[in-house]
Amino acid sequence: MKNIGFLLGLFILLSACEEEGPFINFEEEQATLVDTSYVSATPIPSVNKNVLFEEFSGVRCSNCPLGNAITNGLFNSLGDRFVPVTVHSDFLALPYGNDQDLRNSDANNLASSLGPVGVKPSTFVNRKIINGSRLQQSPGTWSGLVNNELAQSSFVKMNLEIIDADETERTVRYRIILSYNQNAPNHNLGFYLTESEIIAEQLDGSVKISNYEHEFVLRQSISPLIGANIGSDVTQNTVIIKEFKIDIDDYDTNKLWTMNHMYVVAFVRLDNDDIETATMAELIP
Amino acid sequence: MNKLFTFTFLLLSIAQSIHAQGFISGDLELRNDYYVKDSTIGASGTNHYDDLKSSADGWLTVNYSNDEWGFRTGIRLDMFMNSRFHNPNEDAYTAFGVGRWYVEKDFKKLTITGGHFYDQFGSGITFRAYENRFLGIDNAIFGVKAKYQFNDNWFAKGFVGVRKNRLSFYNPIIKGVNVEGYLSVGEKVTFSPGISAVNRTIDEESMTTIANVINGYELKDRFIPKYNTYVFSLYNRLNIGKVSWFIEGAFKTSEAINDPLNKSIVDPLFNVYSNKPGNIIYTSLTYSKKGFGISAQFKRTDNFQFRTSPEDNETLINGALNFIPPTNRQNSLRLPARYQPASQEIEETSFSLDGTYTPKKGITFNYSFSEIHRNKIKLESYAADNLFRELYLDTEWKVSKKVKTLIGLQFVQYNQEFYEGPANLPTDVQVYSPFFELTYKLDRKKSLRFEAQYQSAQRDFGQWLYALIEFNMAPKLSISISDMWNFKPGPNKSSKNEHYYSVYTSYTEGPHRFFISYVRQVEGIVCTGGICRLEPAFNGVRAGLNTSF
């Protein structure tokens with residue numbers, strides 16, 4: 001009995017021991033280079049929403065090339081107002097052979113938190129709940145849902161500009177301008193990095209296409225996944241300007257990403273998880 | 001694979017050679033699913049329906065025990081072929097190998113086990129390693145366990161190992177000790193006290209992932225996660241005559257927990273880590289005498305998430321190291337079982353009152369009332385904040401030697417958004433489910449059973465009717481046919497008034513039982529003992545075999 005008492009005592013003693021723990025950075029990583037706002041002297045005109053189109057895909061998903069084709073078609077026809085992001089969460093996305101793994105923890109977090117995503121291809125359309133579901137599973141309906149969303153007005157217009165992109169240093173400096181035409185509810189501002197023209201084998205029906213080109217693949221969320229809070233007290237005609245600088249290698253430690261094929265995606269997210277509007281810009285225009 | 005067959009062959013050879021002193025036993029369970037695409041109910045869009053068309057799962061166990069030597073050993077081969085058994089929402093899973101092996105030897109008062117083992121401390125709040133194939137759970141620990149029996153009334157046990165993850169392992173190390181005893185004071189008063197402590201140490205790879213996630217948070221939300229977590233519990237069962245009282249209290253040290261309910265951190269919908277200690281208290285009080293029984297339970301859980309790791313892939317039924325007992329009634333009838341709450345790890349205050357009364361032979365009344373709340377209960381919004389409430393009444397009436405009936409009513413109030421997510425699901429689905437069951441014995445071996453159930457869940461699927469008729473010819477044959485008809489779908493459902501048919505038959509010959517069924521099954525939460533998972537819709541044929549030797 002003494003031995004058991006000793007063991008239990010040891011457990012209690014150990015639980016009081018301090019650990020050093022892993023490295024947690026308590027410094028600001030991506031210091032905002034510019035963070036300013038002003039009230040416009042002239043009224044800011046109303047604007048319609050853009051669509052953040054988060055399509056869930058996977059290299060082992062036999063029907064996903066069909067979804068990709070629809071997404072690419074929408075991008076070609078709608079241009080800047082359509083912001084595609086292809087999300088390779090775990091489901092049906094295990095890479096073939098030595099191909100690049102298009103999956104990442106941000107993709108899985110997005111799928112698990114707003115999903116579950118048990119069907120691919122499927123998509124979020126500004127993460128709106130439509131017919132009781134946030135996940136839209138029928139590619140035939142996507143175009144109509146996007147057009148419905150594009151017809152809605154937004155309280156904010158987003159302008160995203162690349163100020164400087166250095167391919168040697170692999171750094172990017174970018175600016176976001178938020179122009180509010182109405183008083184805004186509490187909202188967050190988030191950023192993704194995406195990449196196109198990634199070659200990786202893809203199942204298409206029952207055939208594997210070895211040189212399939214994957215477009216707009218979510219590489220990394222460079223803000224907290226839900227964005228950083230802008231606040232609940234932004235009033236009509238306010239203009240907010242923020243500038244950031246990132247080092248791509250901070251996220252891409254294996255140096256696999258090609259800056260020439262990459263985009264920064266910016267979006268405004270509301271407390272109910274809906275996306276108000278979004279925009280994107282090529283790193284190297 | 002060669003090693004596996006060599007091991008199996010050796011085990012069987014040894015077992016044969018020492019058969020005279022020992023005893024060999026085992027069992028086989030085989031299950032095959034054949035998928036037929038049916039997009040009207042959502043049974044489509046996955047590779048099982050599009051391409052694979054079938055899956056098979058199997059478990060073959062062989063055990064050998066020799067009481068003279070105080071020696072036991074066993075091996076179980078697990079087979080998952082294009083399986084969706086562990087997680088019906090994921091890609092097909094294929095693997096084959098040793099799912100369990102163990103050797104166990106008694107040395108007088110000491111028993112040592114090596115390999116995979118199942119066990120639990122107290123009610124399982126600090127540690128439970130168990131298997132529940134119905135839910136795809138196999139929480140065995142792979143390691144070494146020792147149990148020392150001090151005398152007839154007191155024992156101590158301890159273990160160290162890793163938690164099984166399908167046919168491999170989670171990397172974190174688990175250690176635990178437990179002491180339990182029995183004391184009697186006079187003839188009618190007994191105590192069964194116990195104490196337990198468990199430690200989990202996270203591996204470097206998992207910790208790196210966790211740290212990366214935390215480094216992605218806003219500065220105000222970052223913290224240093226702990227490698228080691230410790231849980232402790234004290235418990236006791238007190239019996240005084242016909243009264244039995246069990247109580248267990250447990251405490252858990254701070255660690256990074258996956259805390260989707262913590263709105264102060266980031267957002268309730270995203271998997272977020274917060275650094276919190278936890279505690280839980282669980283108690284039950286029962287009184288029973290001939291013809292009358294009553295039982296009350298209470299539980300309060302506060303941040304008592306104890307898993308191999310808080311990472312995304314170790315949520316729901318994955319990576320659990322303990323078991324938090326549910327307090328609500330566990331229903332088995334088809335429609336009354338549709339709305340079941342999963343035991344919560346982050347916060348839950350629940351209580352229940354169950355009773356049974358038999359005024360005369362052949363008639364029994366059963367009732368149950370249970371409620372589940374968050375921990376901060378506000379009296380002014382008591383009803384609105386309720387997560388789950390169930391009122392259940394039934395009467396079993398043995399009309400004659402040939403006729404037995406069950407009739408009853410269940411009312412459930414269910415916060416679907418809380419239990420199933422995502423946001424904007426209804427928070428107060430009100431469910432009324434009257435039910436009736438009749439069993440008619442045609443003769444000593446043959447019987448007919450009929451079930452009829454209705455359910456109204458206006459804010460969810462709407463109105464259901466369910467009927468089943470079953471013919472049993474004991475002990476060999478069972479045939480049933482049923483239909484669950486969503487005859488008036490709710491306004492939030494895009495489905496039409498679908499029929500979910502099922503035809504089932506099983507044939508038993510000695511220890512061998514064969515079954516085949518056609519099933520068209522609606523999606524829904526399936527729970528056993530407070531552990532739940534979302535089963536997607538299914539359409540197809542299921543066939544299988546269970547046997548033991």
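In chain B, what share of the contacts with a separation of 6 or more comes from residues 24 or more positions apart? The figure is 54%. Keep in mind, as we walk through, that this is a predicted model.

Let's stay with chain B for a moment. Its secondary structure amounts to four helices and 31 strands. The radius of gyration is 25 Å, close to the 24 Å that the globule rule gives for 549 residues, so chain B is as compact as a globular protein of that length. As for burial, 32% of the 549 residues of chain B count as buried.

Now hop over to chain A and find strand β3, residues 51-56. Six of its six residues are buried. In a regular strand, side chains alternate between the two faces of the sheet. Here both faces of β3(A) are covered: A:Val51, A:Phe53 and A:Glu55 are buried on one side, and A:Leu52, A:Glu54 and A:Phe56 are buried on the other.

Who are the partners of this strand? β3(A) runs parallel to strand β4 (residues 82-87) of chain A, with six bridges joining the two, and A:Val51 sits opposite A:Phe82 in β4(A).

Nonpolar side chains tend to be buried together in soluble globular proteins. The largest nonpolar core here has 66 residues, and A:Leu52, A:Phe53, A:Val83 and A:Val265 are among those with the most contacts inside it. Strand β17 (residues 262-270) of chain A supplies the largest share of this core, seven residues. Leaving aside neighbours within four places in sequence, A:Val265 is in contact with residues including A:Val83, A:Val85, A:Phe191 and A:Met280. There's a second, separate core of 27 residues, which includes B:Tyr230 and B:Phe323.

Finally, look for an open sheet in chain A, where four strands line up as β1-β16-β8-β7 with antiparallel pairing. β1 (34-39) and β7 (156-166) stand at the edges with a single partner strand each, so one side of each has no neighbour in the sheet. On average, neighbouring strands of this sheet are turned by 15° against each other, direction ignored. β7(A) pairs with β8 (residues 171-180) of chain A over ten bridges, and A:Met158 has A:Leu178 in β8(A) as its bridge partner.

Key
Residues are numbered from 1 along each chain as its sequence is written. Chains are lettered from A and ligands numbered from 1 in the order in which they are written. This is a predicted model: local features need pLDDT of at least 70, side-chain atom pairs count only at pLDDT 80 or more; totals for chains, interfaces and linings use all residues. Two strands pair if DSSP finds at least two bridges between them. Axes are lines fitted to C-alpha atoms, for helices over the stretch in contact, and angles run from 0 to 180 degrees between N-to-C directions. A nonpolar core is a set of buried Ala, Val, Leu, Ile, Met, Phe, Trp, Tyr and Cys residues joined through C-beta atoms within 7 Å. A residue is buried if 20 or more other C-beta atoms lie within 10 Å of its own, exposed if 12 or fewer, and partly exposed in between; C-beta atoms are placed from the backbone. Two residues are in contact if their C-beta atoms, placed from the backbone, lie within 7 Å. The radius of gyration is taken over C-alpha atoms; the globule rule is 2.2 Å times the number of residues to the power 0.38.
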